[in-house]
Structures are given as structure tokens and as C-alpha cells.
4 protein chains.
Amino acid sequence: MIRVGIAGGAGYVAGELLRVLINHPEAEVKYIQSESHKGEPIYSVHSDLLYCDLQFADIDFNDIDVLFVCMGHGNSAKFLSENTVPQSVKIIDMSNDFRLKADAGEFVYGAPELNREQIRGARCVANPGCFATSINLALLPLAAAGILPQEVTVTGITGSTGAGQKPTPDTHFSNRSANLSNYKVFTHQHLGEIGETLVAAGAAEDTDIAFVPVRGCHTRGIMSDVVVRLDESLEQITEIFKRYYAEHPFVCVSDKPVYMKQVVNTNYCFISLQKSGRKLLVTAVVDNMMKGASGQAVQNMNLMFGLDEMTGLRLKANYF
Amino acid sequence: MIRVGIAGGAGYVAGELLRVLINHPEAEVKYIQSESHKGEPIYSVHSDLLYCDLQFADIDFNDIDVLFVCMGHGNSAKFLSENTVPQSVKIIDMSNDFRLKADAGEFVYGAPELNREQIRGARCVANPGCFATSINLALLPLAAAGILPQEVTVTGITGSTGAGQKPTPDTHFSNRSANLSNYKVFTHQHLGEIGETLVAAGAAEDTDIAFVPVRGCHTRGIMSDVVVRLDESLEQITEIFKRYYAEHPFVCVSDKPVYMKQVVNTNYCFISLQKSGRKLLVTAVVDNMMKGASGQAVQNMNLMFGLDEMTGLRLKANYF
Amino acid sequence: MIRVGIAGGAGYVAGELLRVLINHPEAEVKYIQSESHKGEPIYSVHSDLLYCDLQFADIDFNDIDVLFVCMGHGNSAKFLSENTVPQSVKIIDMSNDFRLKADAGEFVYGAPELNREQIRGARCVANPGCFATSINLALLPLAAAGILPQEVTVTGITGSTGAGQKPTPDTHFSNRSANLSNYKVFTHQHLGEIGETLVAAGAAEDTDIAFVPVRGCHTRGIMSDVVVRLDESLEQITEIFKRYYAEHPFVCVSDKPVYMKQVVNTNYCFISLQKSGRKLLVTAVVDNMMKGASGQAVQNMNLMFGLDEMTGLRLKANYF
Amino acid sequence: MIRVGIAGGAGYVAGELLRVLINHPEAEVKYIQSESHKGEPIYSVHSDLLYCDLQFADIDFNDIDVLFVCMGHGNSAKFLSENTVPQSVKIIDMSNDFRLKADAGEFVYGAPELNREQIRGARCVANPGCFATSINLALLPLAAAGILPQEVTVTGITGSTGAGQKPTPDTHFSNRSANLSNYKVFTHQHLGEIGETLVAAGAAEDTDIAFVPVRGCHTRGIMSDVVVRLDESLEQITEIFKRYYAEHPFVCVSDKPVYMKQVVNTNYCFISLQKSGRKLLVTAVVDNMMKGASGQAVQNMNLMFGLDEMTGLRLKANYF
């Protein structure tokens with residue numbers, strides 16, 4: 001059994017990790033750390049887990065094989081610089097602190113569909129961002145095939161869980177319900193990791209992504225609509241996508257247009273392709289909390305420990 | 001023209017007042033006061049009013065005929081004790097500070113369907129609560145007819161706007177969306193004004209209301225389902241309701257079951273009646289922000305100034 | 001491995017069964033029958049299962065150990081009268097055709113928290129209705145303790161999946177979104193099975209349930225708020241509930257008020273109790289598709305085949 | 001008073017027309033025709049209008065000044081070819097039957113921000129489509145200024161009311177709630193009228209619009225995000241937009257990013273502009289039923305009868 005510790009256990013990402021890991025056949029949650037909730041039962045925060053006996057506890061590096069760090073952006077680097085994690089403990093970091101090459105150190109960028117072999121051998125993995133995951137998966141095959149055009153336009157629509165659990169005006173139900181708005185237009189922080197991923201796969205350095213993130217009126221899920229103009233036929237492009245993802249069990253290329261709820265509460269990314277003239281639409285849907293965060297983190301854990309990639313991740317879709 | 005001032009202008013209730021009053025043919029908004037937003041355009045807070053030139057300003061009692069006090073529960077009484085409003089200025093208070101007889105002083109409880117004549121002559125009106133409005137309207141005819149049973153059970157389902165604009169865990173979209181929960185079970189603060197209203201209409205002092213307030217996953221609207229057991233036939237009860245509300249233009253007794261969106265964004269209350277054996281269901285739907293707050297306040301203003309009750313309140317339903 | 005057949009495979013209930021059963025460690029889906037979709041891949045209907053190779057097929061009773069009948073109300077009885085299912089094949093029927101004593105024949109009412117032992121020995125099980133499940137679980141301990149009062153008032157709020165997949169005005173998004181309405185007031189078809197269940201547990205024959213079903217603006221989940229008036233203290237009642245459910249793993253009695261999303265996409269029922277004076281509120285939340293339908297059916301299958309009740313049902317909550 | 005007739009009165013568009021027109025100070029609804037509902041009160045279909053005495057009736061061209069034709073796409077042309085509307089009666093058609101030059105005949109395309117003067121003099125107006133309205137308003141100033149680039153990428157997210165009142169799988173609440181999907185990718189029928197409008201304003205004939213329509217999980221409202229790449233500065237572009245719309249009261253150019261609910265239940269279009277490098281995002285939000293349909297139709301009626309454009313259209317936003 002893989003002995004698991006979770007640092008920063010009171011947030012959404014840690015809750016989702018816990019929901020997956022308590023049913024993972026090869027993992028055992030040894031502790032879930034929270035400064036603010038120490039001593040409380042975990043269901044005081046993650047209230048669906050009423051039947052679960054775990055309590056929030058202190059950190060203890062001695063008894064674990066892997067540590068998931070869920071401290072939030074900026075705090076992860078601080079935490080890891082202030083605490084010495086033994087070399088025997090692998091680390092999966094959920095923040096954006098180690099995703100970019102300039103920050104990575106020994107961290108491998110945890111995109112299995114790009115870096116599966118490196119992840120298998122890694123001690124430290126930086127788990128990708130949610131938007132980055134969906135956009136990368138929509139573009140990787142084009143980049144790898146050398147046919148990604150210079151100009152890319154992306155609209156990515158995300159759910160409220162992407163904004164975390166702190167109540168704010170933007171996540172107030174009265175504002176968000178039945179509403180749509182854009183944010184961080186052309187400047188979203190995931191553009192960095194998207195750019196590095198595409199270049200690593202073969203894209204040109206000057207790929208110019210116009211990314212419009214949209215706040216949707218739903219809680220879970222991202223639909224990224226990527227538009228490029230290129231000459232290859234739909235058949236050629238479909239073949240490129242199917243070949244690229246043939247050995248990646250969590251990415252499915254659909255012959256029919258995909259929609260978001262097909263993947264909610266699962267670790268899947270579904271992709272569909274539509275073309276008219278030179279215009280191509282690639283649509284990628286993921287659950288931002290699963291393939292976009294905690295599910296992909298467990299996928300990475302599976303790889304790092306030599307397990308089948310899907311272990312513990314055959315999750316029932318919520319679907320409705 | 002009725003010259004209007006609004007004290008406490010940055011909240012939901014003031015915003016809705018403003019949306020009604022800027023199109024009211026007999027009213028002119030002289031100022032909308034806000035301590036925290038003084039000098040800013042009102043659309044900085046009420047962002048739909050982008051085309052409106054008003055700015056948040058200081059209080060000035062000299063230039064107005066009526067003051068709407070939207071300071072929030074507890075703060076209204078404080079504000080009115082610290083400021084001397086000239087006798088020439090009428091006051092409509094939106095909080096619960098003056099609704100109960102023990103607190104009322106010269107305030108008349110602003111339920112037009114109970115107190116229309118007193119409101120016409122009042123200088124000060126305490127505008128009723130939203131749940132109280134829907135439940136009172138569901139029960140007033142039974143109380144007035146002397147057939148309200150001692151035991152009443154009410155489920156009232158409300159939207160997130162009822163909780164105000166401050167972001168909290170309970171109004172977080174990730175929590176509230178697709179969710180239902182109860183709160184203040186059997187203890188909601190509106191029970192006091194409901195009890196006094198029913199007794200004023202003729203109910204027994206020991207009427208026992210089991211009220212379960214429910215947080216719904218919508219923004220606007222209350223549906224109150226009131227169950228009592230009594231012997232009168234559905235025809236008799238329907239006749240009692242239709243007679244009671246015959247002269248009250250904002251209450252409609254429907255022959256078909258009502259539903260909430262029929263009244264959203266309007267000042268109407270729709271009521272339907274269903275009976276099986278001795279069991280009677282009275283369903284009353286209102287928009288908590290309109291008939292449950294700002295719309296009813298303007299209805300009260302109309303009465304206090306001798307206008308037709310519906311002036312400025314023939315609002316297009318949002319409907320969908 | 002339990003070999004499973006599903007008759008009537010294109011509806012919501014069959015889809016949810018399939019989502020659970022394809023990951024059930026002791027079950028193997030041999031076929032999923034659909035007249036209208038024969039030969040098509042199951043993902044043509046249950047579109048999340050894009051990665052699943054099953055196709056809709058004909059019935060074949062020879063190769064299975066259990067048949068789930070998902071033909072819809074009325075059609076189940078017809079199907080079973082027109083087809084001879086071998087005695088070696090157990091049957092779990094999802095309709096209301098065999099739930100009432102007068103209709104049951106050899107069918108056992110599949111409420112594990114009432115009839116666990118009979119289910120273990122049964123060849124045929126009639127799976128309970130969704131509202132019935134939540135209301136029964138809210139009332140069974142009171143009935144068994146002999147303290148259920150004669151008058152019971154229930155508001156049950158349900159999601160759109162309860163209405164099935166056929167598009168109708170009542171399930172049209174433009175109508176249902178941000179809306180609330182009542183239906184089948186005091187006459188819902190589940191009242192029969194609720195009454196028989198409570199009497200079986202010890203309630204008086206003349207128990208009078210005023211049941212108001214409400215259409216909520218969500219897809220999955222039921223919250224049933226049950227109000228009764230009785231003298232026992234909250235502590236006594238809590239003790240009665242905790243004792244009743246001590247050995248039933250899918251029912252949790254919470255010390256804090258429960259809310260619906262705690263159980264969505266799980267087979268759990270969470271219950272909370274609140275009291276003021278003689279008024280008691282019992283709140284029971286279930287996922288209408290899981291504990292209210294397909295999840296409970298698998299729970300019944302587990303019992304009928306001697307498995308641990310929870311096998312294959314430790315499902316990740318959707319939670320958000 | 002303008003005497004109004006409505007042909008095809010049972011759909012969403014007619015309902016919204018009616019909600020506006022019954023409060024319009026210069027209009028009187030003489031009849032609302034419906035074949036299928038003749039003789040019924042209009043609230044049997046438009047159920048918020050419980051207080052309204054109108055009934056569905058026959059067509060009678062003698063007593064009206066203007067006819068709104070709400071027969072649906074294809075049926076309008078048929079209706080007008082089979083019925084002779086007197087020359088004294090003006091016609092506003094809500095379908096797409098007369099929007100394109102090739103189909104128009106004497107119909108003027110009813111976009112007041114492009115064709116105000118022609119509308120003032122027109123007998124027949126073809127009311128624009130909802131997506132077309134939002135996208136045209138986002139692009140018209142660029143086209144008129146001669147700086148619209150050849151490649152345009154648009155994501156337009158719309159509510160369920162855009163799909164009309166017929167229940168379908170795509171508008172089923174269980175499918176649509178908390179979901180997102182694309183449809184008619186690159187082929188939406190409004191592309192024709194958008195193209196003609198832009199060319200009329202000054203765009204090149206070969207403007208290539210990649211339009212991705214998205215089904216959102218809300219009922220009312222469209223947010224169109226238009227991305228182009230061009231050299232002019234944000235200040236220059238803002239100036240171009242503000243000048244273009246200076247005399248158009250229903251279009252507001254906002255200095256802050258707009259969001260959809262600012263305009264829901266109003267006839268406004270709000271527009272915001274954001275730029276980074278050569279990338280420009282123009283965001284336009286409208287209520288698809290108001291500025292996108294019935295509100296704009298009344299705006300056209302006002303123009304055709306020499307009224308102030310805003311008469312009867314100062315509608316309270318639903319806002320929440």
C-alpha cells in the first residue's frame with residue numbers, strides 16, 4: 001500500500017484527493033494536515049465524508065511514501081523550503097509554483113500525455129493547471145505533428161470550483177447563477193505552462209494564443225473551444241489525434257461533438273474535432289477538479305509508483 | 001413628483017428600489033446615500049445602471065418627501081435615533097427594526113393587504129419581511145375568516161438574494177448550486193411578524209406555526225407551501241380567498257397550481273389552493289426582492305402619497 | 001462473478017445501473033437490451049461511456065444470474081408476463097409494478113433498512129421508489145419505536161432526473177431553471193408503498209401523510225423535510241434513530257443539519273433531526289438515481305448474492 | 001395609440017412582445033392570434049399574465065396599425081403569401097424569412113444601429129436574429145471604420161430560450177443544467193445576416209468569421225466574445241466604438257468588462273473592449289429575448305411610428 005500524506009487538507013483540491021484516495025485499492029491515507037482544523041473530523045470540512053473516521057492532523061513525514069502538497073499558489077514553495085521532506089518521500093505539488101521550467105528544479109511537469117516516462121521516474125511532480133490541461137490536450141497532437149498554426153484562439157469556460165472555496169463576489173451565487181463573464185483576458189497564468197508544453201511537443205516558440213477564460217454558471221467542468229485555421233483535412237487531423245492518444249487511456253477522441261457533462265466527476269478528457277474550410281474547432285472537456293487537478297494527481301501517483309495509470313480512477317460519472 | 005432619498009444605497013434592496021424608482025412616473029430619486037461608495041457612480045455597485053448618471057452621495061433631508069432606510073437589521077434603529085428626520089419627510093424602513101408592535105412606535109406594519117388604510121395615513125412604515133409576506137398572504141384569509149387551525153406547517157423555499165450581498169459559505173456558488181438545505185428551522189426571525197399579523201387578522205393567539213425555511217438553488221423568489229387540516233371544502237376556501245383579495249391588485253388567486261417564476265421580477269403574489277380530505281395546501285409565490293422587499297416598499301410609498309397602488313409597479317416579469 | 005442482464009437499457013435508470021456495474025468487482029454486464037437501440041454502442045445513449053465497448057443487444061436469459069428490469073411503470077409486469085425468466089435467474093424490478101402487497105407475488109420490497117433478511121433470501125425484489133426511500137428512511141425509526149404520530153407533513157423536493165428522459169414542458173430548461181413548483185399534491189403514487197412500509201415497521205394503519213412533492217431546479221437529489229409533533233426529546237429521538245441505523249451502512253444520522261449535495265452521486269442517505277417544542281423536523285437526503293433507484297438496486301443485488309452490502313457502491317460523491 | 005396585432009401568439013417571442021406591449025404607453029394590443037389556443041385566455045400559455053383579460057383570437061387586419069408576425073422560420077413567408085395584409089398595416093416579422101437581401105423584398109433589416117433611418121420609413125421590417133444582433137453590435141464600429149480584419153473568431157454563448165419552447169433533448173433540464181456544448185459550429189444560420197450587415201457597414205466581402213455557438217446553462221442572455229488581431233490601440237478602438245454608438249441609446253460601451261446579467265430582461269446591449277498586443281476582445285451582451293428579439297421589435301415599432309426609440313422599453317433589469 002502506498003502511504004499518503006496530504007498537506008493543506010481543508011481546500012477543494014484536498015477534498016477531492018481524499019474522495020479518490022479513500023477508495024484507491026493501493027493507497028492508504030495516513031494523515032491529512034490542516035493547521036486551521038487540526039483535531040477536527042475531516043467531515044467538518046468535507047461534509048460528504050460523514051462516514052469517514054479520519055481527523056485533520058499534524059504533518060509527519062516518517063510514515064508516508066508520497067506527500068500531496070495542497071497549500072495554494074505561492075505557499076507550496078514556501079512550505080517546501082521551510083520543511084525538509086525525506087528523500088524517500090515522493091512529492092506531488094498541486095500549485096503552480098513548480099510548473100514552469102524556471103521554477104521547476106527537480107519537479108517534472110505532470111502531464112502524462114506529454115511526459116509519462118519522466119513522471120514514472122520522478123520523485124517530484126508539478127501537477128498541471130486545469131485550463132492548461134484542457135488546452136494542452138486540445139493542442140498537443142497538432143504541435144507534435146508540426147502543424148499547429150501560429151495564431152490560436154481559445155475560449156475556455158470554467159466552473160466555480162476553479163475559483164476555490166473562499167467566498168468572493170465572483171463566486172456569490174446571486175452573481176454567478178445564470179451569468180457569464182470573462183476574466184484575466186489574454187493574461188491567464190496558465191498561458192506560461194501551456195506555451196512550454198506546446199514547445200516541448202514541437203510547436204514554434206512564437207505560437208500566439210489568444211485565450212479568453214470565461215466564468216460559467218456551473219460548478220465543475222471546463223469546456224475549451226480552440227479555433228485554428230489550417231489546411232489539413234478533418235480526416236488527417238482526426239487520424240493525428242487518434243494516433244497521439246491511442247495509448248493514453250484517459251483521453252478519448254469522439255466522432256460526435258462532445259459536451260462537458262460527459263466527463264464531470266471523472267478523470268477523462270473527451271475531445272472532438274469539427275472543420276469547415278480552413279477553420280478547425282478542437283473541443284476538449286475535462287472536470288477541472290479531476291483531470292484538471294486531483295484526479296490527474298492520482299494518475300501521476302499511479303505512474304510514479306509503477307501502478308496501472310487508471311488504478312482507483314475508474315470513477316462513476318455524475319452525468320446529470 | 002415625490003422626491004426620494006435612499007439611505008444605505010449599496011445593498012441589494014436599495015439597488016432594486018432604484019431600478020423601480022428611476023422609471024416611476026411620480027417619483028424622482030434625489031440622492032442615494034452610501035458611506036462606503038460616496039462619490040462613485042451608482043453603476044460601480046449596481047452595474048446594470050451603466051446608463052444612469054446618479055452618484056452615491058451624502059444624506060440631505062431638506063430636499064426630499066420620503067426616505068427609504070436600507071441600513072440593515074439593527075442599523076436602521078440606530079440611524080434613526082442618531083439622525084433627526086424632519087416631520088415633513090415620510091419614512092419607509094426596510095429592516096426588521098420596527099415591524100413588531102413592541103418596537104414599532106409610530107411605524108405602521110406595511111402589509112397593504114392587511115393595513116392599507118393605516119398605511120395611507122402613516123408617516124412611517126415598516127416594510128415586511130420576504131418570508132413573512134408570502135406566509136401572511138397565504139394565511140390572512142383563513143385567519144380573517146376565523147378558520148385557521150391551531151397547527152400550521154410551512155415549508156418556504158427562498159433564493160440566494162434573500163441572504164444579501166455579502167459573500168458567505170452559504171451563498172458560495174459551489175455550495176449553493178444544485179443544492180438544498182434548511183436553516184433557522186422553527187426559529188426564523190419572521191415568525192414574530194407573521195404571528196402578530198395573523199392575530200391582527202383574527203387568528204388565535206396560540207397558533208403554532210412549524211416553519212421550515214429552505215435555501216433553494218435559485219436567486220430570486222420564494223415559494224411557501226402551507227399545509228393545514230380543516231373541514232371547509234375547497235370551494236368554500238377558494239371563495240374566502242377570492243373575496244379577501246378582490247380589491248388587492250397584487251394578489252391573484254389562481255385556479256391552476258402556481259409556480260415561482262410566474263412572479264419573478266414583479267410585485268405580484270400568486271396563490272393556489274389544493275385539497276384532499278381535510279388536508280389543505282396553500283401555495284404562495286412572490287419575488288423576495290420585489291413583493292418581498294423593494295416592490296412592496298414602493299407600493300407602500302404609493303399608498304402613503306395617495307397614488308394608485310400600482311403606479312410604477314407594472315413590471316415585466318422575467319418569466320424564464 | 002455475477003452475470004448481469006439489463007432489460008430496457010436506454011433510460012436513466014439503466015444508465016446509472018451500468019455506470020455502477022461496469023466497475024463492480026463481482027459483477028459482469030453480459031448484455032444491455034434495448035429494442036429501439038439494438039446494435040448501437042451504449043455510448044450512443046449513455047454518452048459518458050465513450051470508452052466502453054458494450055452494445056445494445058437482445059435479451060438472452062441463458063447466460064445471466066440476475067436480470068434488472070428497467071422497462072418503466074406498467075411495462076415491467078407486461079414484460080415478465082410475456083417472457084419466462086428461468087428460475088435460476090434472480091430479478092430486480094425497477095418499476096412500481098410489484099411494490100405493493102396486492103401486486104407483489106413473490107417479489108420482496110427492496111428496502112434493505114426494513115427487509116434486509118428477506119432480500120437476502122429473495123429471488124425477486126421490487127426496488128423502492130425514490131421519494132418512498134427518503135420518506136421511509138426518515139420515518140422508519142419512529143414507526144418501529146411506536147411513536148409516529150397520526151399526522152405527518154412532508155415536503156419532498158426532487159430533481160429533474162426523477163421525471164425521466166422524455167422531454168416535456170415540465171423538464172424544459174427554460175421552465176425548470178430557477179423555478180419551483182408542486183405536483184401530485186397529496187396524491188403522489190409513492191404514498192402507497194410508504195404507507196405499507198410504515199405499517200410493516202409498526203405504524204398505525206390510519207397514519208395520515210400530507211405529502212407535497214416539489215420540482216426543484218436541480219438534476220439529482222431529493223431532500224425530504226418531514227414534520228411531526230411529538231413529546232419525546234431530541235435526545236431520545238436521536239438515540240432511536242442511531243440505534244435503528246447502527247447496522248445499516250448507507251444511512252448516516254448527522255449531528256449537524258444535512259444538505260442535499262452531501263449524498264449526490266452516492267448510495268448514502270443522510271438524516272438530521274431538529275426539534276423545537278413538540279415540533280420535530282426529520283430531514284433525509286438521497287440521490288434519487290442512486291439510493292433512490294439504481295444504487296439501491298445494486299445494494300439489493302449484493303444482498304441477494306451474499307456479498308457485502310457496499311460492494312461496488314463506495315462511490316465518489318460529486319459534492320460540488 | 002398604435003393598434004397592435006400579433007400573429008402566432010403562443011410562442012416565447014410573442015409572450016415577450018406581449019409582456020412589453022401591455023405596458024407600452026402608446027400601444028394597445030388588439031388581438032393575439034393563435035390557431036391552437038383560440039378562445040383560451042392568454043395566461044393559459046403565458047402564465048405570468050394571470051391578471052390580464054386578453055384571449056387568443058382570430059386574425060383581423062382591419063383594426064390594427066401594425067402586425068407582429070411570430071410564426072416561426074419558414075412559416076412567416078407562407079403566412080404572408082397566403083394572407084393579404086392591407087397596405088395601411090405595417091409588418092414586423094420575427095423570423096429569418098426576410099432578413100437576407102435575396103429574400104427581403106420590401107423588408108428593411110431591423111437593426112436600428114445600422115439602418116435607423118430606413119426603419120423609420122419602412123412599412124415592413126425583418127427583425128434580426130439574436131446572435132446576429134450581438135455579433136453585429138460587436139463588429140459594426142470596426143467595419144464602419146474600415147479596420148475589421150479578414151479573420152474573426154467568435155464564441156457566442158446563449159440561453160435555452162433561444163431554442164424555443166418545444167421540449168427537446170437539448171433543452172431537457174437534466175441535459176442542459178450545469179452543462180456546456182457547441183452546436184452548428186461554423187455553420188449557424190445567422191452568419192448570413194451578419195455577413196451582409198458588416199459588408200453594408202463597410203467590411204470586406206471576404207471577411208471570414210469562425211463562429212462557435214455554445215449552449216449555456218442559463219435561460220436568457222447571450223455573451224458574444226469576438227477576437228480579432230489588429231494594430232490600432234485600445235484607446236483608438238474605444239473612441240471608435242463610443243463615437244459609433246453615441247446616438248444609439250440601447251448600446252452602452254463600458255469601461256469595465258461587461259457580464260451577461262447586466263442586461264437580462266432589458267433591451268440594452270453592453271459592450272466592453274480588452275486588448276493585449278495585437279489581440280482584441282470585444283464582448284457584447286444582450287438578452288436574446290429582448291434586444292435579441294421582442295425588445296428590438298418594439299424598438300423598431302417605435303421608430304416606424306415616429307416615437308422615441310425607448311418608449312415602453314425602460315425595463316427593470318432582472319439583474320440577479
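Colleague: How many residues does the contact take from chain D, and how many from chain A?

Modeller: The model is predicted: local features need pLDDT of at least 70, side-chain atom pairs count only at pLDDT 80 or more, and totals for chains, interfaces and linings use all residues. Residues are numbered from 1 along each chain as its sequence is written; chains are lettered from A and ligands numbered from 1 in the order in which they are written. With contact meaning C-beta atoms, placed from the backbone, within 7 Å, the contact takes 33 residues from chain D and 33 residues from chain A.

Colleague: How many residues of the side of chain D that touches chain A are charged?

Modeller: β8 (151–158), β9 (181–182), β10 (208–215), β11 (222–229), β13 (269–276) and β14 (279–286) of chain D each supply at least two residues of this side. Strands are DSSP runs (E, at least two residues), and helices are runs of H or I, at least four, both numbered from the N terminus. The side has 15 nonpolar residues, 13 polar, and, counting Asp, Glu, Lys and Arg as charged, the number of charged residues is five.

Colleague: Is D:Asp206 buried or exposed?

Modeller: D:Asp206 sits in the loop between α7 (191–201) and β10 of chain D. A residue is buried with 20 or more other C-beta atoms within 10 Å of its own, exposed with 12 or fewer, and partly exposed in between. Because D:Asp206 has 8, the residue is exposed.

Colleague: How far apart in space are D:Asp206 and D:Ala163?

Modeller: In sequence, D:Asp206 and D:Ala163 are 43 residues apart. In space, C-alpha to C-alpha, the distance is 30 Å.

Methods. Contact = placed C-beta atoms within 7 Å.
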